[in-house]
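Biologist: I would like to go through this model term by term. Please set each value against its definition.

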Amino acid sequence: MRNFWFGLSLCFLLNSCGQIAEKKQPPPSLYQLSQTDLDLSGEQLANGYCAACHVKPDPEILDKKTWEKVLPDMRKRMGLYLEEDFGTALPQDEGVPDGVYSKIPLITRENWAKLQAYYLEEAPEKPLPQEKKISPKTGIPGFILEIPQFDFIRPSLTTMLRIHPQTGKLWLGHRFRALFEMDPKNGFKELDSIPTEVAPVEIRWKDSNSFQLLTMGLMDPANDSLGSVSTFTKTGSQWNPNLDFGKLMRPVHVETADWNNNGIEDYAISQFGNHLGKFSLFLSTSQGYKEFDLKKDPGARRSMAVDFDSDGDLDILVLMTQAKEAILLFENQGGENFKERSLLSFQPAFGSSDFKFEDMDEDGLKDLILVNGDNADQSQILKFFHGVRIFKNLGDGKFEESWFYPLHGASGIEISDFDLDGDLDLFVIAFFPDSGQKPRQDLVYFQQEDFEFTPFVLKESLDYHWLTIAKGDLDLDGDEDIVVGAFEFNQLYQAPKENWKPFVILKNLKK
């Protein structure tokens, strides 16, 4: 009888308007779905099976050929193997940890055939094009392009760029385990070269003789725990590292704040991982730091300490990528307790890459600004939904998309009043752009005027692949410059043949 009522409830959910995730009751688990014998359509099965793990993707997000590549992995994750899989490597043979792929079938052959047919029959023959948009103007107003010249050969594999807020010095992280301090007043001459165990991705200066560095481990997808946070202290001309937090799963961002109000800084670490990962909070105690895993999913990309609910203590905003893409709020409840709440959620191919929290329309409420364009997955096609978005803050923790600019491969963003006219402008880079688009759209400046955003691109055609972007006052003249870092994949496995080209500068001329 219980199975009957469960099936009746499931049938109602699958036939109702909207996705299961929008309903008040939680979606059924994959195991519960596998135990039903209802005669469901392919769309109903997709509504149930996909929504049990993440936001259900619509067939139109990928073309038919790409779905044919993606769907078999989804099937294997549900524990269903077919004759066509014979002779192929099993997940465990490729180092996938237990628990990612089910060891028992959670869907029947018949139901899988219907679900697969739904996607393949409804998907477009070719990827859908971008919607109509304002074509960017060439030439970025108020900025001049500077390309530093280096007379030596080194791979252009920049993993981090940061501008020191007091000195204006540029600090650069390199894929091949190095950190450089560079002088912008002297042609970016190297002032210091510091070896690191793995690639640096974040730095925080403590004083003139110490800084804290986040290194991520392997950049390529891997289930390693080589990442760390270390404090470097200078003695004479030597920098000596001291480990603060180790064995981190491919960490990509660290945020510091006093979340437990004891006067000692705590650490929120986005452990992006691969098949496994997590978002961790390290709270200070009298015995040291205690780790709390606030989210045990891979794909944590960035976090921010904010008093979101204006109650006097700090909460945490987190961007989760990978399959369960979302911007989450962890609301500080006191006593080491945080309540999770989803502010925005997206389908698993959305490709979220970076976000900010700023008041874009000057209404007194901070909005969420998101770039999505990660394409390093199984569906490496141009996607019409990639771009930069502003989600207007409606109050009460509710957000609504109010602006979207399509931009293939959008991957990084910086926001500031660059033109000093009183409102906020945007710089966006794209690591996976459309190489055939004219003009080239991998570095776009959006100048705001009364919530109208005019896009501009460089008049120069530069053959770079932008991975990192940072703002700061390089020349200490009172306005913010932009530095954009290059990561050339073809130099990962073969020696470069040209001089080092790690970054370019967009010098702000407003002051």
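Biologist: Which residues is Asn-274 in contact with, leaving aside its neighbours within four places in sequence?

Modeller: Asn-274 is in contact with Pro-221, Ala-222, Asn-223, Arg-250, Pro-298 and Gln-322. Contact means heavy atoms within 4.5 Å. This is a predicted model, in which local features need pLDDT of at least 70 and side-chain atom pairs count only at pLDDT 80 or more, while totals for chains, interfaces and linings use all residues. Residues are numbered from 1 along each chain as its sequence is written, and side-chain values use heavy atoms, with hydrogens and water left out.

Biologist: Why is Asn-274 called buried?

Modeller: Its relative accessible area is 18%. Buried means under 20%, exposed over 50%, and partly exposed in between, with a 1.4 Å probe and protein chains only. Asn-274 is therefore buried.

Biologist: What makes the pair Asn-274 and His-275 a polar contact?

Modeller: Their side chains are joined at 3.4 Å. The term requires a pair of N or O atoms within 3.5 Å, where within protein one must be able to donate a hydrogen and the other to accept it; residues adjacent in sequence count only if both atoms are side-chain atoms. The contact of Asn-274 and His-275 joins side chains, so it counts.

Biologist: Where does Asn-274 lie?

Modeller: Asn-274 is in the loop between strand 12 (266-271) and strand 13 (278-285). Strands are DSSP runs of E with at least two residues, and helices are runs of H or I with at least four, numbered from the N terminus.

Biologist: How do you know that strand 3 and strand 4 pair?

Modeller: Two strands pair if DSSP finds at least two bridges between them. Strand 3 and strand 4 (residues 170-174) have five bridges, in the antiparallel sense, so they pair. Ile-163 stands opposite Leu-170 in strand 4.

Biologist: Why are strand 3 and strand 6 edges of their sheet?

Modeller: The open sheet has four strands in the order 3-4-5-6, with antiparallel pairing. Strand 3 (158-163) and strand 6 (189-195) each have a single partner strand, so one side of each is without a neighbour in the sheet.

Biologist: What joins strand 1 to strand 26?

Modeller: Two bridges join them, and the strands run parallel. The definition asks for at least two, so strand 1 and strand 26 pair. Lys-137 stands opposite Phe-456 in strand 26.
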